[in-house]
Structure formats: structure tokens, C-alpha cells
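Hi everyone, thanks for coming.

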Amino acid sequence: MTRFTNHGHLMRASVLATVVAAAGFAGALTARAADEVTHDRLLNADKEPGNWLHHHKNFAATRFSSLKDINRDNVKNLKVAWTMHLGGVEGGGIWTHGGLEGTPIVENGFMYVTDGWGSVYKIDTHGGQGVLAWKMDPKTDHDWAGGVACCGVDNRGVALWGNLVISHTLDGRLIATNKENGQVAWQRQVANPDKGEVITGAPLIVKNMAITGVAGAEYGIRGWLAATDLSTQKEVWRTFTIPGKGEPGHDTWKDDKNSAASGGGSTWVTGSYDPATDTIIWGVGNPGPDWDNQYRPGDNLYTDSSLALDATTGKIKWHYQHTPNDPYDYDSVAENVLVDVPGPGGATLKLALEADRNGFAYAIDRTTGKFVWGLPFVKKVTWTKGLDQESGKPIEYDPNKQVQRYNAAVTPHRENKVADICPGNMGGKNWPPTAYNPDLKLWYIPVIESCNRITVEESVPEKLKAREFWTGGGPSQPFKITGSVTAIDVTTGKVASKLETPFPNLGGILATPDLVFSGQPSGEVMALDAKTLEKRWEFNTGGGVNAPPMSFSVDGKQYIAILVGLGGAWDKWFIDATPELKRIQPGSMLYVFAL
Amino acid sequence: MANGKMSSITALIALAAVAVALSAPGAALGQSAASPDPTDAGKAVFKRANCFGCHKWHGNGGGGYGGDALSLRKTELTREQITETIACGRPGTGMPFFTRGAYDTVNCYGMNRQDVGGQMPPEANTFLRATDIDVVASYVIEHIKGRGEPNYAECVSFFGDASRVCDIYKTPAEPNANSAAGAGKAQ
């Protein structure tokens, strides 16, 4: 019976293909050209308001949709338009289940989403409904990848280039799938799970290249960014985030144990691109071992830094490090949002904004890498008294010291093995993306308002083994963790408003002209007033929101879409801080809302 | 149609039987000749109860985001102590209790829920019956406790050879699982 059913599907598919080919032949060339994603279209992504072509909406990573049919006055009427169950819930490696962290990409009414194991779904959203056009299952090696994924079975989505859908898999591949038929055109192994490397981020497409970031700083990797030429499928450049011998910055690893070789510096959140200077700006993660900073004396460049690279060559242009010789797992892997705001004396400030795990939001001059302003965006910071107003470094930072203690009373180290820190090691702000409203000049941060307890375990070289944790300790959760959406006025560098939420924000933000959309791991999707953050609408999805909302239009109608399925690090490692979330079931579901 | 369904189920069962038969020699490869877990019952519980989520497949545990799961390879616990640890968890740590009613109707280390207070270990996602705890304790004693560094044969006996998860344990002397699979395809 099964065989006949499949046969029927095949028959229908081939008949359909023939009909489409015959009917559409004359118009095929023009239709195709309109649907080809070019560098020019990617540069001008915001000129296609109904589409969402980039992971972060545009190269500047603002996640701002100018669509405003859904607005603060009518959002109370927002309802579920359609839903779709996805797959990828199954476990693998050390994980009991997958989750959804992706941002849907939409082009001309067709949506592309991924599940945690990297299956890509193409969904036709025309006609007020969602119809699955195809699913590409990359057959990810669950145990190989899941055994070294520190923080969940995650995939944050795809990118588009030419007539291809470009995606990653947890087991380290870059895959190009034919947009029309869902067939894999080619694939290439970019990361190596044998070394503890996995990929969870969406690719960034710059010119003819796919930029890939890597995860694995908890497994002793040496982080990198890699550019693959999408035409030749060859690697154009690979830049390590930990400098090698003889390279600038290598002397910030001052031990005699070659700690730099396993020094971490992951790059698992998609970066941004400044076409004016052909510069990729990408966040770099924590050093390893996470909590034993005596193992790796020195500032440990370029961990915990925003890194600017020449897009053509991969050469490092500048860096700005937030937490030198980090003893807290305060990575800086977050996206940098590129915005221009009026500065003193009529000048334009060209900023890169980053909200860090360490609880501080930073504005850096993105042409020079110099600090402009910084402020705490969480309610409680204990690890430092604040930032130096000139350099932006933590006040206690001493460049002459090889091992930093910051506020020594709360800093975990070998002689203070158990310490409570605020923010906790999840942040602050983790991977869930911020959004920026260019009209209001407000920048919205999805916040984890947290403290947690760190227990240090002294690292020794013998403990460093392939595919084994290299963390120098671990966190526990004796404190309740909540969250907020916090808005920063980028013209002043001050907090404009804060909406506190019962649970940490594990999903991220979408901004529209007068609204902000976000979610909660307890299931709610909400719309807030863009200025006051007053709640205007809420819907409970019945699952855990662990992904960012986005907006698109098709057939002239605006929609809000969000993936729902709690996975990631939280429900394995941090759930004790939010005991109510233990009741949230694994799931894998796409929700689409409309008026 | 009903017949068609039946036959595919029968085929599945037949396939499963073949799979079991095929995996048996592989399982024996990594273990002492007289395997005390001939039906893989202990290993099945080790997987189902997510022991390997923290202790890892090889039992060595190790530091991580969830803290430090102790090494079952280096453990000096006796069989009785292992059984009690599984049943009752370890107070004050992340090791959960797997027996329904632990610290309530089931005595744990001579303590009830009140006695253990803030040190109460978490409740496991899966409760295990006494027989399950028995077979998984046996599995730990016979297959994990006292072993040295994890090796390829042990890894393959845990995962099978469909995944590349064990490749890092390969030594030049190991049979090449990939080429074996390739040869299989060629036939």
C-alpha cells in the first residue's frame, strides 16, 4: 500500500512538473530573473518591503519591517491565519529533542524555514494559507553533531542566492538547494564535528559568498569565519578568531600550554555587513575553558569581541573587546546592528550596536572600532562597577594584569570556586536578536534578567580531549530568572523604557513603525507599543517561543510569522531557574498571524 | 489494502530481526566475550532514561553547562550504592532521582522530602521500575565501571556504525566502518 501511495505522489508530481514546464515556458525567463536573488537585491532588501530576504532583514541587521497595515490601533484584532506543523523534534547526541530558533525568510510569497536538524521547508503562502511546496532533509548525523552541540539542536534559518536556498546543518555542512524543486544542488563540509565544531547560525550572503560561523567554544575549538564562493563552491577565505603565532593579538594568550589552540571564540550568530566599507562585522564568543581564566592568562583576543573583517579578503580591520580574559562565559557572539544617528556638531555617527552577554549595551564607531557609549541594560550587574567612560572597558580592568578579577568578591576563580554572578552566564542578552526602529531611533533588546552560580574546576591540559566539554566548571541555577524587553534611545545612549516579563526573552524582537513583536518561552507572542512598550496584543501559542518574529506581505496583505518550539540550551541546562517552564512540551510549529 | 498493511508490518518485523541479528556481533566486539547484557536491556535503559545526556555514552561524564557529571568509569561506588543513587539521585547535585515516590513513600538515604529540604535532587524525566534500575546498574558495573579510555569498539557497540560519532576513536588497526558500508552498497 505504501508503495502505491508513494507512486501516486510521484505520478502527480511529474504530471504537475510537465504542466508547469509547458504552460510557463514563455514566461519562465522573466519570472526566473525576478526571483533570482542577486547582490544588488540583497543590498536593497528594504526596498522590497513585503519580502524578508536576510536573516536579520537587511545587511544592517535592524529587523525592522516598514509594513504598517498591522499597527498599534488594530493589532488587537490580530488572529491566527494559519499554522503548520514542522518536524525535527527528535533528539540525538546528548539532546532529548530539537527546538526551533529560526527566522523565516520570505521572497515573493514563498517562505523558507528550517527545523533544528536543518531540514528546509518551502511554504507557499499565497491565498491566505500555507502549503508545503517541498522539504529538503539533509539527513544530519544526529549523534555525531548532537554529541558536541553545547546548547541544543538548533538551526536559525536559511539565506537566498541566485535560485538557491543556502543553509547549514548542525553536522557542519553548507548546503545549496534548488529553490524550485528542493533538490540539493551541492554541499560542502565547512565545520568538523570531530573537532567539536558544529553550525547553528544562518549563513550571511555577501556578494557571491556565503559566510559561515561556527559553534564549539565549550569543546575546545579554535573559532573561525569561513567564506565559500557560491559559484565555484570553493573556500575563499577562513579567518580564525584566535590569532596564530606571529599574528597580531597572539601575544594576548600568555600561557605556556598553547591555550590559544583551544581558545574558543565561536561565531554562531549571523553577523552584519557594511557595503560602504566592504566590512563584515561579526560577534565573537567566549574563550575556553569558560570559567577558568587562569588557564589562559592575557586578554584572549579576539574572544568576547566585535570583529570587523574585509569582506573580500577576510582580513581583520579592527576589533573591540568587551570582557578581556573573561571568567564568566560572557560571550559577544551577538549581532552588531549598523545604524547612523546624528552626532555632535551635525556629524553623523556611524555606529555598530551590540548587546552583550555581560549586561552592557555598546555603541562602537564602526569605521574605527572605537568606543562611543555603553550602558547596562539589565537590572542587576555585580561583576563590575561599570564601564570606563573613555575606553568602555570594565572599570576594574587592568591591562598590566594577566588574569582579571574585576569585582573580585563575585568573580569565580580557582581560589573562589563557587561564586554568584549577575548577569548569569546566559546573559544579559544571548543570541535572540535585537531590532532597531530607524524612525524612533529606539533599539529593542530581548533581555535575560539573571544571576546564576558558577563553580570553577581547574583545567589541566590532560583534560582537553576531542569532543569533550572544555569548560573549566559549570553553572547552576539557585536563582529565579526573569526577562524584559528594554528599549535604548540610540541618540542618547540611555534606557528609554523597559517592559518586564515573567520569563527570560529567548526569542528576540521584530520592530515595525509603531509596534514591537516578541515572545515568551511560556508560549505568549505579544505586540508592544513601539514608544512605551505597553502591551497591545497577546496570543498564547501553547508552546515555548524560542525564535524571533518576522513580518511579510503576500497578495497585498501583511502577516506576522514566528516559529514555536522550545529547545536550545535553556530547557536542558537552565530550566531550574524557571521551574514553571518544565511543563512546556517540545514542539515544532509555525504560526502565521493576520488581521 | 489490509493485506498490504499486514505484509509491510511483517516485513518490518523481519527487518528488525535481521537488524538485531546483525548488531549482536558488533555489540560483542566492544565487550568481554561473556556479555552480561545479551539483550541490551541495560544499555536501552541507559539511553531511554537519558543517563548519557550528562554521563555521556562512555560514562566519563565531565564538566559542562549542567555542571560536572561524575565519571562512572572511575566510580568506586558498589552495585548497591549505584542502585541507590539512581533511585534517589544525589542530594545537592543535578543527579535526579528515578524512583517514583523517592523521599515520599520510598526511603532515600534515611531521609524524607522534609529532611532533604533545599538539597532535594531533581525529579528525572522518566521514572524507572526496580527491574530497570537493576539492569542499568548491571550495565554500569559490567560495561563502564573500571574501564580505561573509551575506544572505538565500545563506541560502536553503543551507537551502531550508522553515525560518524565514533570515528575519532579509530586507530589505524580499527576496521574502517565507512569502507565496509561502501562495500555493502556496492553489492
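So, what area is buried between chain A and chain B, and what share of it do carbon and sulfur atoms give? It is about 2200 Å², with 55% from carbon and sulfur; buried area here is the accessible area (1.4 Å probe) that the two parts lose on being put together, summed over both. Before going on, a note that this is a predicted model: local features need pLDDT of at least 70, side-chain atom pairs count only at pLDDT 80 or more, and totals for chains, interfaces and linings use all residues. Residues are numbered from 1 along each chain as its sequence is written, chains are lettered from A and ligands numbered from 1 in the order written, and side-chain values use heavy atoms, without hydrogens and water.

At this interface, 30 residues of chain A are in contact with 24 of chain B (heavy atoms within 4.5 Å). The rule finds four salt bridges across it, meaning a side-chain nitrogen of Lys or Arg within 4 Å of a carboxyl oxygen of Asp or Glu. One salt bridge joins Lys465(A) to Glu149(B), with the closest N and O atoms 3.4 Å apart.

Now the sheet. Four strands of chain A make an open, antiparallel sheet in the order 23-24-27-28; strands are DSSP runs of E, at least two residues, numbered from the N terminus, and two pair if DSSP finds at least two bridges between them. Strands 23 (435-437) and 28 (494-501) are at the edges with a single partner each, so one side of each has no neighbour in the sheet. Strands 24 (442-449) and 27 (482-489) pair over eight bridges, and Pro446(A) has Val485(A) as its bridge partner in strand 27.
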